Amino acid sequence: DLLRKRRQWLVLVLVMICTLGSMSTVTFGGAYVVKFFEEYAAGTVIIVVFLEAIAVSWFYGMKQFCNDIREMIGFIPGKLWQICWVVISPVFLMFIIISLLTTPMEIKLFNYTYPYWTKVLGNFLGTSSIIWVPIYMVYKIIITPGTLGERISTSITPERS
């Protein structure tokens, strides 16, 4: 309710923060900044996509997901799509994640090799966006009543709105 009253100010502050943050990409060193974010953001996005694929196809359920798609487009996707969502996509995403984690990242642009502190900062930035997933999982298990098994079962069951 507080943010609704000051929505215009909130939008102004967000636009200013985004504008100031993006200014570094249009300066003389902008290519280096873009390369830095490109290298460290991609792995995080792939991890989020992997978790979403698992959540939708395994926890939400392929049958329910296909029924939702039928409501949207009028027909249920074929078996090949369902196999891709349940097995093939998670396996390929897991392979990409493992290869990202096991390959040492050596960032170079033109003749410049990034110093060690940028690797630390990049890993911190990448982790800061994905860390909220396990934090919320632990929080959800803690606040849910019941035994540990019941809490986990309830936590992975889709909520009805």
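Leaving aside its neighbours within four places in sequence, which residues is tyrosine 40 in contact with? Taking contact as heavy atoms within 4.5 Å, tyrosine 40 touches Met105, Ile107, Thr118, Lys119, Gly122, Asn123 and Gly126. Before going on, a word on the model: it is predicted, with local features needing pLDDT of at least 70 and side-chain atom pairs counting only at pLDDT 80 or more, while totals for chains, interfaces and linings use all residues. Residues are numbered from 1 along each chain as its sequence is written, and side-chain values use heavy atoms, leaving out hydrogens and water.

Tyr40 also belongs to the largest nonpolar core, together with Phe36, Ile107, Leu109 and Tyr114. Such a core is a set of buried Ala, Val, Leu, Ile, Met, Phe, Trp, Tyr and Cys residues joined through side-chain atoms within 4.5 Å. Buried here means under 20% relative accessible area, exposed over 50%, and partly exposed in between, with a 1.4 Å probe and protein chains only. By that cut-off, 17% of the 161 residues are buried.

Now look at phenylalanine 110, in the loop between β1 (108–109) and β2 (112–113). Its phi is near 55°, a positive value in a residue other than glycine, and at 63% relative accessibility this phenylalanine counts as exposed.

Stepping back, the elements run α-α-α-α-β-β-α-α-α from the N terminus, where helices (H or I, at least four residues) and strands (E, at least two) are DSSP runs, numbered from the N terminus. The C-alpha atoms fill a box of roughly 50 × 45 × 40 Å along the principal axes.
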